[in-house]
Amino acid sequence: MKRVKWLVPTLYILFLMLPIYWLVSMSFKTTNEILGAFSLWPQEFTLDNYITIFTDPTWYNGYFNSLTYVLMNTLLSVSVALPAAYAFSRYRFLGDKHLFFWLLTNRMAPPAVFALPFFQLYSAVGLFDTPLAVALAHCLFNIPLAVWILEGFMSGVPKELDETAYVDGYSFWRFFVRIFIPTIAAGIGVVMFFTFMFSWVELLLAKTLTSVDAKPIAATMTRTASTSGYELGLLAAAGTLTIIPGAFVIYFVRHHIAKGFALGRV
Amino acid sequence: MIDKTTNQRAWFLVLPVVVLVAFNALIPLMTVVNYSVQETFGNNLFFFEGVKWFEQILHSERFHAALLRQLSFTGIILLIEIPLGVAIALAMPKRGPWVSVCLVLMALPLLIPWNVVGAMWNIFALPDIGLLGRMINGMGFDYNFTQQPLAAWFTTILMDVWHWTSLVVLLAYAGLSSIPDAYYQAARIDGASAWSVFRYIQLPKMKRVLTIAVLLRFMDSFMIYTEPFVLTGGGPGNATTFLSIDLVKIALGQFDLGPAAAMSLIYFLIILLLSWIFYTLMMRNEDK
Amino acid sequence: MAKITLDKIRHSYVKTPESADDWALKQLDVVWSDGGAYALLGPSGCGKTTLLNVISGLLRPSEGRVLFDDRDVTDVPSDRRDIAQVFQFPVVYDTMRVYDNLAFPLRNRGVPEDQVKQRVHEIADMLDLTGMLGSRASGLTADGKQKISLGRGLVRSDVNVIMFDEPLTVIDPHLKWQLRSKLKELHQQVRATMIYVTHDQTEALTFADHVVVMHDGQVVQIGTPVELFDKPKHTFVGHFIGSPGMNLLPCEIIDGFPSFLGHRLETSKAVQSPSGAGRLEVGVRPEFVSFAEQGLPVDVVKVDDVGRHRIVEVEHKSHAIKLLTPENVPVPEKRGYLAFERDKTNVYADGWILS
């Protein structure tokens with residue numbers, strides 16, 4: 001049983017890699033080749049798609065804009081979610097259960113209908129077409145996600161840990177930073193990746209709240225799909241490139257996620 | 001299972017979260033509610049119509065059909081992705097160089113913008129020029145998702161499993177990582193089998209994390225729009241017209257915001273109700 | 001029940017240890033006799049938990065052998081060593097009832113159900129858990145859960161040794177002494193070898209017949225609580241045990257007797273001045289220092305009244321010395337003379353006692 005254990009993740013990863021390979025190979029093909037006939041690897045290998053992206057300012061600015069608001073949002077969401085999750089996990093207070101569930105309800109509405117109201121709201125506060133607008137708007141769904149996940153991990157840490165620390169003379173903040181946070185490292189790692197991811201791939205609000213200055217890749221990519229028909233090769237190249245920042249993020253938090261395992265399973 | 005102390009000052013810890021989320025939630029919500037009970041003839045004149053739109057939607061055959069499709073789709077998705085995700089998390093390496101490799105590779109499908117996911121699978125699954133399409137047809141099946149409802153369903157489900165299972169894997173893996181060693185040590189001393197360890201230690205300790213995974217997948221699959229829309233357009237016919245797709249069709253097709261807004265609210269309430277049921281079911285036995 | 005022998009045990013968590021610091025356990029040769037109640041005492045990081053895990057089989061030592069009754073068990077896995085371990089945080093199977101928790105180790109070994117029932121009730125009775133057998137384990141308080149952990153260890157009749165890794169850490173103070181007494185009582189009843197790891201000297205000294213003091217990966221002394229108190233073999237033992245700890249004063253050896261800043265102190269025996277020794281110290285506990293008509297001249301700095309006696313802090317040429325004075329004995333106002341009980345005055349070289 002132990003010997004075939006590695007087979008499971010291996011098969012799964014192969015399954016995942018097949019369409020990704022397909023995506024990457026599409027990015028090196030011309031749209032004609034993609035739609036023309038089946039080819040396992042690019043017959044007419046071309047870097048044109050990538051060249052377009054790297055040279056066209058709307059494209060590469062798009063990446064920077066996206067990165068900006070996504071990073072802003074991730075930092076913001078995680079930092080406000082931590083104390084809130086701690087409160088939900090350790091304390092009872094007026095309306096706590098309802099508040100907790102209400103947070104999740106903000107992820108329960110299909111965003112399409114909210115596009116216009118969001119546009120009006122952020123225009124009214126003068127934030128239209130700024131990365132800050134998108135960063136704030138994404139708080140709608142990312143903060144509840146962060147709070148819920150963090151609370152889940154925090155509840156797994158026995159309260160006795162807090163009390164032992166206080167007896168040992170730790171102040172609250174020192175305990176929180178030096179003892180508590182390392183204990184929930186896995187949760188924090190996962191939350192950082194997920195908030196990054198959900199903000200990164202969100203297209204509708206990102207498009208609605210920006211026009212020129214803060215235009216994210218989301219907008220540029222949907223443009224590719226609509227205006228001149230499907231520029232598939234370009235879309236594939238853009239898609240491939242969007243994977244990279246997120247890959248960095250998960251690489252960055254990999255040790256946090258697996259931390260518990262590394263702590264010495266004897 | 002934590003013994004919580006009552007402390008109203010905890011509200012200060014929660015306040016920033018409430019402010020940021022409510023700012024984004026309440027005002028747009030009010031706007032939608034506003035529209036859902038009015039009628040406009042497209043020239044910005046609004047007439048209060050009460051519950052007319054709600055009744056219309058709730059009685060519509062079309063809505064029922066879309067709802068049924070949606071429920072089936074979500075049901076299948078959950079039945080596949082949750083156990084599969086947990087199984088993979090259990091089997092994944094816990095230490096060593098392969099951990100990084102696995103984590104990064106598994107995260108990749110999650111990072112692709114959803115319209116690209118739909119587009120790439122669209123080509124990928126085409127019977128003549130797509131790798132998957134050719135493979136399946138090569139195995140002797142007659143497969144064409146643009147024309148066969150069953151194939152369309154199969155492809156959509158496969159795409160979703162490919163796209164989202166890693167979310168479950170990552171959550172389950174992180175949850176497993178948080179189980180203190182002492183439990184495994186005690187189990188070893190007690191002579192527990194691997195199955196006992198899973199059933200009495202791992203699964204219970206992952207309960208909260210799994211609940212989140214179920215809720216997330218439930219909500220997101222219930223609202224799914226971009227990927228299936230780009231993949232199949234809701235077709236063939238309306239075989240894969242899930243609730244969101246139907247909603248957008250209605251919204252675009254008519255000049256009235258009323259029905260769309262009403263449908264959104266009904267939609268929201270269905271998700272709310274089902275989520276609440278899931279949550280309560282999974283979290284019973286928690287609070288004393 | 002078993003005699004446990006640790007033969008030349010060394011352990012390092014690092015794959016290729018280089019310096020002495022890389023070794024968590026430096027060199028241990030210890031015999032724990034059958035049925036004894038032992039405490040493994042030492043500060044955090046001294047290697048107690050490592051040692052415990054070596055004995056229980058959760059950790060395989062880098063070097064050396066572990067013997068149970070002269071049988072080499074170094075390569076035998078934990079579940080076959082017939083040991084039980086109680087951890088710092090209560091480890092219970094939350095989803096099971098208390099009864100099933102206690103029955104678990106027996107059922108895993110295929111014990112017939114009627115025997116299981118009898119045994120579980122026996123142990124539950126010993127631990128005052130009978131009333132809770134039907135409740136879910138998750139609902140119990142911390143001390144209840146620790147009792148369950150303990151019970152799971154006791155329920156197996158073939159247990160060689162029971163190990164406790166700071167088990168009272170999460171227990172409320174007023175319940176701590178209750179559980180401590182319970183453990184002592186259990187030891188009388190069950191007569192299994194028990195090893196109790198702690199950094200709390202009170203726990204160690206009240207529970208154990210013999211205390212193993214560890215410091216920095218080494219065993220510095222094994223003895224009864226009285227032995228540790230009267231004749232600490234290492235300055236660490238002197239300092240760690242007793243409240244306040246032993247007084248340590250720098251000294252030289254003149255004619256076989258310690259001399260502190262020119263003032264000669266009496267010991268029961270003359271000692272050899274060791275060759276090439278670094279640090280020479282004379283140690284005596286505050287309990288064995290008293291005011292006298294003549295002796296070492298000191299200035300009184302502080303007097304703390306702690307009820308039945310007073311802790312007096314005095315100074316001789318900027319060296320602080322503490323002594324305990326019973327409440328009916330007068331303390332000089334400003335200056336006085338100290339006498340040291342000669343049987344309880346020891347000389348140490350680089351921390352180790354000279355004899």
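Two residues are in contact if their C-beta atoms, placed from the backbone, lie within 7 Å. This is a predicted model, in which local features need pLDDT of at least 70 and side-chain atom pairs count only at pLDDT 80 or more, while totals for chains, interfaces and linings use all residues. Residues are numbered from 1 along each chain as its sequence is written, and chains are lettered from A, with ligands numbered from 1, in the order in which they are written.

With neighbours within four places in sequence left aside, Ala81(A) is in contact with Ile143(A), Ala146(A), Val147(A), Leu150(A) and Val17(B). Ala81(A) also belongs to the largest nonpolar core, which has 157 residues, and together with Val147(A), Met120(B) and Ala172(B) it touches the most other members. A nonpolar core is a set of buried Ala, Val, Leu, Ile, Met, Phe, Trp, Tyr and Cys residues joined through C-beta atoms within 7 Å, where buried means that 20 or more other C-beta atoms lie within 10 Å of a residue's own, these atoms being placed from the backbone. The element that gives the most to this core is helix 7 (residues 131-154) of chain A, with 17 residues. A second, separate core of 84 residues includes Phe87(C), Val116(C), Val213(C) and Met214(C).

Ala, Val, Leu, Ile, Met, Phe, Trp, Tyr, Cys and Pro count as nonpolar, Asp, Glu, Lys and Arg as charged, and the others, Gly among them, as polar.

| Side of chain A | Nonpolar | Polar | Charged |
|---|---|---|---|
| touching chain C | two residues | one residue | one residue |

Between chains A and B, 91 residues of chain A are in contact with 84 residues of chain B, whereas the contact with chain C takes four residues from chain A and seven residues from chain C. Strand 1 (residues 91-92) of chain A pairs in the parallel sense with strand 1 (residues 5-6) of chain B over two bridges, pairing being defined by at least two bridges found by DSSP. Here Arg92(A) stands opposite Thr6(B). Helices (H or I, at least four residues) and strands (E, at least two) are DSSP runs, numbered from the N terminus.

Within chain A, the domain assignment, which is automatic or from a database, gives domain 1 (1-46) and domain 2 (55-262). Their C-alpha centres lie 29 Å apart, and the contact takes nine residues from domain 1 and seven residues from domain 2.

Notes: Buried ≥ 20, exposed ≤ 12 C-beta atoms within 10 Å, placed from the backbone.
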